[in-house]
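Please look over the structure below with this briefing at hand.

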Amino acid sequence: MAKLAKSPWLLHYDGSSCNGCDIEVLACTTPKYDVERFGIINTGDPFQADILMVTGGVNHQSENVIKQIYSQMPDPKVVVAVGICACTGGVFKECYNIKGGVDTVIPVDVYVPGCAARPESIIDGVVKALEILEKKREAYAARKKAGA
Amino acid sequence: MVKEFSTIPFGPQHPVLPEPVHLDLILDDETVVGAVPNIGFIHRGLEKLVETKDFKEYVYVAERVCGICSFGHGMGYCECLENIMNIEVPRRGNYLRTIWMEMSRVHSHLLWLGLLADALGFESLFMESWKLREQILDMFDATTGGRVIFSVNCVGGVLKDMDQSMLNNILNTVNDMEKEIRPVTETFLNDYTVGTRLHGLGVLTADEAKVMGAVGPMLRASGVSYDARKTGYAAYGELDLEPVIDTDGDSFARCRVRINELFQSFDLIRQAIGKIPEGDISVPVKGNPEGEHFMRIEQPRGEAIYYVKANGTKYIDRFRLRTPTTSNIPPMVELIKGCQLADVALLILTIDPCISCTER
Amino acid sequence: MEFLNTIEEISMDKFMQEVIRFKMEGWHVIQICAVRVDGGYELSYSFGRDYDMRTLRLKVAEDETVPSITQVFHTAYLQENEAAELFGVKIENIDLDFKGKLYRISRETPFKEKG
């Protein structure tokens, strides 16, 4: 990645995780890992976010919240599933209140493995997400130009 | 004239809360007159998994109740089974558990201090606290291979040993941290902004704290000298330990208790490293458990109670975990009544809520 | 150091009386736990006073109702609601009854069936 096309804003939502991945996502923004040096800001507002990071599997209650947040984000947008629970349901897959990974509810672009996902791999996932975001942006612009 | 109240929803997504919790607040103008807690956003139902998983495997599930208190949860579950099966954990194993447990407490309290600073809008203090916390996580990484979930507990002891150079390494880190942490803790204790927001906010008297069942730093900040570590599980029985108490009972006292506990934990780690004996770290486990046991463990957030009921097969009948936050929510709800709307977020934060633990 | 950690069985007719006595003697509720057993439930009410802990064990049939202890210990409401919602224990007159809407799970009383 030569340079960043823009400064993407992150939105983090805790599906039904154990907190492990959440504090690692938060740790990414603090001095040791510091994703903010790439211009990435952790926002709380879905209307201003480019990348949605979801930790933990999806349950009956968080399902609608995740759908709503996703629909509120402007196009183009990228979803990153952080941690094995968000990817597949992980260790909680067999629990009665877990539906499965995030992709059972919304389309996921990047899967970050790990229990808990390490900050290095989370940053890696974000960088991958940026490439996808750029492609989506170009496609979106082309569609707009074609008048679709 | 009929008084008009307004009800406003608080959460589940709130800038101050790292985890989803929801409160219905009933307001008379700016003053809160009623609050109803509403949880269940991250309920997974993992207590149920114990019926279909081998009891030795379930340790890994128990650790994943919560990513912040993970070591304690694994240990509490193992201690329960060891009590049922009459297993004597080797002394070195117990000392290693104690060291890791105290490291967990340091990382949890630093995390909380950071979140508190963030809630106060004190960004640089948040960053400083979390920067210090990384040193402890590095030690976890070096000793267990994980930063937040460690998987080093097993029924009968621990899975990984530390050699002398590693122990020295921890000792040096702890000694360095104790010096580096002073400017941060002094800021919390003496800064004007922190003080004005926390002094006199949410006062809980000793009697109220006892009756409502508050636990951990919340109980001790109200002047009650109770710390489950005094019951002497793991190696705590062989270490010098006095509960850290404070008498004011307000939010500032809760903050001060946690800061003093940081130094207490550093001291306990030093004591444990000084006394750790040579020997095995675990004993082999034969057979299946039968019986039941209640175990009280002092987690960073307060006392947690573990209950295991086993029936003689490799699948356990029931695993129950009463977490500190479950106990602290009712007193928190009482504290919120009567405070200003702007202080609600701070009050929720001062009990150091852990929703993943609570809902399991 | 050894501290009290006992489990005492108790019958339904003496139960409330015992709970009130605990309150008078300065104990407080620290834990409530339900276990599914054949034909009913086993309820454990743990009380703590300093470092001591005593647990009352109440056995109830599947459709038997249990009086709520929230009239005596108000703060027990969260854990009583939990037992009612996850196990289907019929607890009467809970102060602040969520009526099965505490966790709002999609499956009713998941702990009632084994396995």
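A crossing of two helices is called left-handed if the near helix is turned anticlockwise from the far one by less than a right angle, and right-handed if it is turned clockwise. In this predicted model, helix α3 of chain B passes helix α4 of chain B in a left-handed crossing. The points below begin with that pair and then turn to the chains and to selected residues.

**Helix packing within chain B**

- Two packed helices are described by the angle between their axes and the distance between the axes.
- For helix α3 (residues 91-119) and helix α4 (residues 123-144) of chain B, the axes come within 8 Å of each other and cross at roughly 160°.
- Since angles over 145 degrees count as roughly antiparallel, α3(B) and α4(B) are therefore roughly antiparallel to each other.
- The residues that form the contact of α3(B) with α4(B) comprise 16 nonpolar, 6 polar and 3 charged ones.

- Helix α11 (residues 324-336) of chain B meets helix α2 (residues 77-87) of chain C, with axes that come within 9 Å and cross at roughly 125°.
- On the side of α11(B), the contact is made by B:Thr326, B:Ile329, B:Pro330 and B:Val333, while α2(C) contributes C:Tyr77, C:Leu78 and C:Gln79.
- Sorted by class, the residues in the contact of α11(B) with α2(C) are 5 nonpolar and 2 polar, with no charged residues.

**Chain A as a whole**

- The secondary structure of chain A consists of 4 helices and 7 strands, and read from the N terminus these elements follow the order β-α-β-β-β-α-β-α-β-β-α.
- A compact globule of 148 residues would have a radius of gyration near 15 Å, and the value of 15 Å for chain A agrees with this.
- Taken along the principal axes, the C-alpha atoms of chain A fill a box of roughly 50 × 40 × 20 Å.
- Of the 148 residues in chain A, 53% count as buried.
- Among contacts in chain A with a sequence separation of 6 or more, 79% are accounted for by residues 24 or more positions apart.

**Chain B as a whole**

- Chain B has 13 helices and 8 strands in its secondary structure.
- The radius of gyration of chain B is 21 Å, close to the 21 Å that the globule rule gives for 360 residues, so chain B is as compact as a globular protein of that length.
- The box filled by the C-alpha atoms of chain B, taken along the principal axes, is roughly 75 × 45 × 35 Å.
- Buried residues make up 67% of the 360 residues of chain B.
- Of the contacts in chain B between residues at least 6 apart in sequence, 70% join residues at least 24 apart.

- A:Lys32 is placed in the loop between α1 (20-28) and β2 (41-43) of chain A.
- With a relative accessible area of 40%, A:Lys32 is partly exposed, a class that lies between buried, under 20%, and exposed, over 50%.
- When its neighbours within four places in sequence are left aside, A:Lys32 is in contact with B:Glu134 and B:Asp138.
- Between A:Lys32 and A:Thr104 there are 72 residues in sequence and 34 Å in space, taken from C-alpha to C-alpha.

**Cis peptide bonds in chain A**

- A:Asp75 and A:Pro76 are joined by a cis peptide bond with an omega of about -10°, and A:Pro76 is placed in the loop between α2 (62-72) and β5 (78-82) of chain A.
- A cis peptide bond with an omega of about -10° also joins A:Cys115 and A:Ala116, where A:Ala116 lies in the loop between β7 (110-112) and α4 (119-145) of chain A.

- A:Asn19 is buried, with a relative accessible area of 2%.
- B:Asp352, which is not a glycine either, has a positive phi of about 55° and is found in the loop between α12 (344-350) and α13 (355-359) of chain B.
- B:Asp352 is buried, with a relative accessible area of 3%.

How values were computed
Residues are numbered from 1 along each chain as its sequence is written. Chains are lettered from A and ligands numbered from 1 in the order in which they are written. This is a predicted model: local features need pLDDT of at least 70, side-chain atom pairs count only at pLDDT 80 or more; totals for chains, interfaces and linings use all residues. Side-chain values use heavy atoms; hydrogens and water are left out. Axes are lines fitted to C-alpha atoms, for helices over the stretch in contact, and angles run from 0 to 180 degrees between N-to-C directions. Helices (H or I, at least four residues) and strands (E, at least two) are DSSP runs, numbered from the N terminus. Angles under 35 degrees count as roughly parallel, over 145 as roughly antiparallel, 65 to 115 as roughly perpendicular and the rest as oblique. Ala, Val, Leu, Ile, Met, Phe, Trp, Tyr, Cys and Pro count as nonpolar, Asp, Glu, Lys and Arg as charged, and the others, Gly among them, as polar. The radius of gyration is taken over C-alpha atoms; the globule rule is 2.2 Å times the number of residues to the power 0.38. Buried means under 20% relative accessible area, exposed over 50%, partly exposed in between (1.4 Å probe, protein chains only). Contact means heavy atoms within 4.5 Å.
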